[in-house]
Amino acid sequence: MSDKNPDLLEKISSGIEGFDDITAGGLPLRRTTLLMGGPGCGKTVFALQMLVSAAQRHSTPGIFVAFEETARRIVANGETFGWNMPALEEKQLFFLDASMRSDVVKAGAFDLTGLLASLAAKASQMGARIIVFDAIDVLLSLLNDPVAECRELYRLHEWLTTHRLTGILTTKVDDNKPGTAQRYGFMPFMADCAVLLSQRVSDRVAVRAVRVLKYRGSPHVLNEVPFVIGPTGVEVGSSNGVHPEPQPFEERVSTGIERLDEMLGGGWFRGTNALITGSSGSGKSTLAGAYIEAACLRGERALFISFDENARDIVRDLSTVAIDLAPHLASGLLRMEAVRTEAASSEEHFMSIKRLIAEQQPRCVVVDPLSALARVGGGLAARAVAERLIYLCRNAGITVLFTSLLEGIDPHLETTTLHVSTISDSWIQISYSLEDGERNRALSIIKSRGSKHSGQLRELIFSHIGVTLADPRPPGGAMLMGTLRREKEDADHAGDGSRARVEKS
Amino acid sequence: MNESNPANHSNGAHLFRLYVAGGAPNSVRAIANLYFICRRHFPESHRIEIIDVLKEPLRALAEAIVVTPTLVKVSPGPEQQIIGNLSEEDEVLRALGLPQTESKESK
């Protein structure tokens with residue numbers, strides 16, 4: 001580098017989790033960012049959070065100019081996210097009520113010259129470095145003259161540039177009315193960073209998404225990325241840069257079923273994820289229960305997330321196969337959380353699972369069933385969420401077990417609704433075998449990354465003394481299940497004394 | 001006090017406060033328009049206070065002035081804000097509660 005470029009792009013963290021990932025570092029410093037979106041998309045919250053974060057994390061004073069809502073409402077809004085607005089207002093933030101009272105009459109053209117002069121004085125008085133113009137379109141539309149509106153925007157942009165301020169402009173665009181978008185169609189050209197927020201309804205569930213349209217001089221994620229407005233503000237569900245190198249697997253974690261551990265060569269690898277698929281009633285939750293009980297018995301913190309089934313029912317059902325979770329729930333070692341599938345989008349589910357993980361700090365997690373995610377908010381979004389959940393757990397060294405329902409009746413159709421099987425480390429399939437008027441459960445390991453595993457189909461036996469697998473099929477012999485197996489075992493027992501560990505119930 | 005009929009422009013002093021931004025075109029126009037309107041409608045009883053936001057930038061913020069030019073009719077009450085360069089005379093008169101000029105009247 002021969003000489004230092006004064007125009008070199010610097011960035012400031014947006015303070016929004018995930019947004020910095022998709023913009024490769026945050027907002028352009030001392031430049032203009034444009035946030036566009038329909039009504040209720042979260043533009044104001046986005047902008048406010050960026051301002052609050054700059055004040056809180058970097059002690060950068062800022063100004064919020066509110067053209068639509070009253071400043072008081074915006075402050076109150078910020079307080080609902082737990083941001084300490086009164087303290088910030090006292091020292092670092094200034095809110096300007098720039099909404100026009102309804103009784104104000106317009107009689108001719110006006111401009112922003114005075115406002116910008118006032119703001120410049122205020123900014124230098126308080127040392128503000130970042131400024132939000134929220135709903136700038138509300139003021140500009142009063143001009144009712146496209147040429148004048150354009151001129152004022154350029155005036156604003158120029159003012160931001162000369163005062164070396166980081167500017168955030170929000171403006172409404174209406175997807176249904178292309179005219180409004182066109183009206184301010186030049187805005188993205190003017191801004192250094194243009195971001196589009198949107199909200200749509202998919203399967204009756206509202207899904208919010210953010211897309212970086214442009215970012216002058218910086219790489220950014222082109223795709224639309226989901227976001228939620230949670231209890232602490234905006235969180236963008238970035239899937240960028242979270243694909244870590246798989247850690248070398250070493251430590252094993254018991255599945256809670258001794259014979260299954262043997263089949264896997266010692267259990268799951270610590271920090272990996274396992275998928276258990278099977279049709280309804282095949283016993284997926286029971287395997288999950290066995291795994292979580294084993295974790296608690298080792299003294300590890302655990303989290304059991306179930307969709308559409310309450311914890312009490314699960315605990316009761318598991319107690320019939322001698323899995324007792326009650327004491328671990330009582331001690332706090334285990335937390336069980338029942339989530340209603342339809343109550344939220346898959347993105348919101350992800351955020352709440354993330355929160356639960358942060359609160360419980362588990363080493364072992366069960367999500368039962370993961371396929372519930374696919375039922376709301378579209379399969380693609382759910383798949384992305386599933387992936388991020390997997391990476392989240394892997395990064396945290398959490399060993400996670402997912403169950404997934406196979407929707408089809410065909411038991412040979414070995415795919416999952418979310419196609420997570422391709423990214424899961426281990427995959428166990430439970431199928432039904434119908435023979436001689438009996439329905440028996442058969443378990444097989446379809447894949448187990450990084451370790452040798454048994455390829456055998458084994459009968460899965462649930463009984464009042466526990467869960468286990470039947471003996472493997474003898475070489476050359478027939479696979480016997482249920483009554484036939486028991487008869488054979490009894491016969492063998494009479495002969496040489498070897499038998500399955502678990503009694504028939 | 002005159003509160004019953006603000007349209008009656010022959011009584012009571014009209015006090016106006018006009019916020020401008022230095023020599024910005026809209027501001028210059030607003031000053032001229034305001035003097036013209038006042039001379040025409042309140043020839044004997046008006047007072048105009050002009051505040052240059054460029055010289056007193058923080059005052060405008062404190063007084064909740066957003067755009068320039070902004071005209072505030074301080075008295076007679078109630079207070080009324082009119083934004084713009086006041087070139088739309090009918091709008092100004094309507095806001096002040098005065099009858100509009102003859103040319104625009106349609107009866």
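## Exercises on a sheet, its helices and a ring pair

In this predicted model, 5 strands form an open sheet with mixed pairing, in the order 6(A)-4(B)-3(B)-1(B)-2(B). Residues are numbered from 1 along each chain as its sequence is written, and chains are lettered from A in the order in which they are written. Local features need pLDDT of at least 70, side-chain atom pairs count only at pLDDT 80 or more, totals for chains, interfaces and linings use all residues, and side-chain values use heavy atoms, with hydrogens and water left out.

**Exercise 1.** Describe how strand 3 and strand 4 of chain B pair.

*Solution.* Strand 3 (residues 70-75) and strand 4 (residues 80-83) of chain B run antiparallel, joined over 4 bridges. Within strand 4 of chain B, the residue opposite B:Lys73 is B:Gln80.

**Exercise 2.** Work out how helix 1 of chain B is placed against helix 3 of chain B.

*Solution.* Axes are lines fitted to C-alpha atoms, for helices over the stretch in contact, and angles run from 0 to 180 degrees between N-to-C directions. The axes of helix 1 (residues 25-41) and helix 3 of chain B come within 12 Å and cross at roughly 55 degrees. This makes helix 1 of chain B oblique to helix 3 of chain B, since angles under 35 degrees count as roughly parallel, over 145 as roughly antiparallel, 65 to 115 as roughly perpendicular and the rest as oblique. As for contacts (heavy atoms within 4.5 Å), B:Phe36, B:Ile37, B:Arg40 and B:His41 of helix 1 of chain B meet B:Glu89, B:Val92 and B:Leu93 of helix 3 of chain B.

**Exercise 3.** Classify the ring pair of A:Phe19 and A:Phe46.

*Solution.* Rings of Phe, Tyr and Trp (its six-membered ring) pair if their centres lie within 6.5 Å, and planes under 30 degrees apart count as stacked, over 60 as edge-to-face and the rest as tilted. Over all chains there are 7 aromatic pairs. The ring centres of A:Phe19 and A:Phe46 lie 5.7 Å apart with planes at 75 degrees, so this pair is edge-to-face. The pair links distant parts of the chain, with A:Phe19 in helix 1 (residues 19-22) and A:Phe46 in helix 2 (residues 43-58) of chain A, 27 residues apart.

How values were computed:
Pairing = 2+ DSSP bridges. Helix = DSSP H or I, 4+ residues; strand = E, 2+ residues; numbered from the N terminus.
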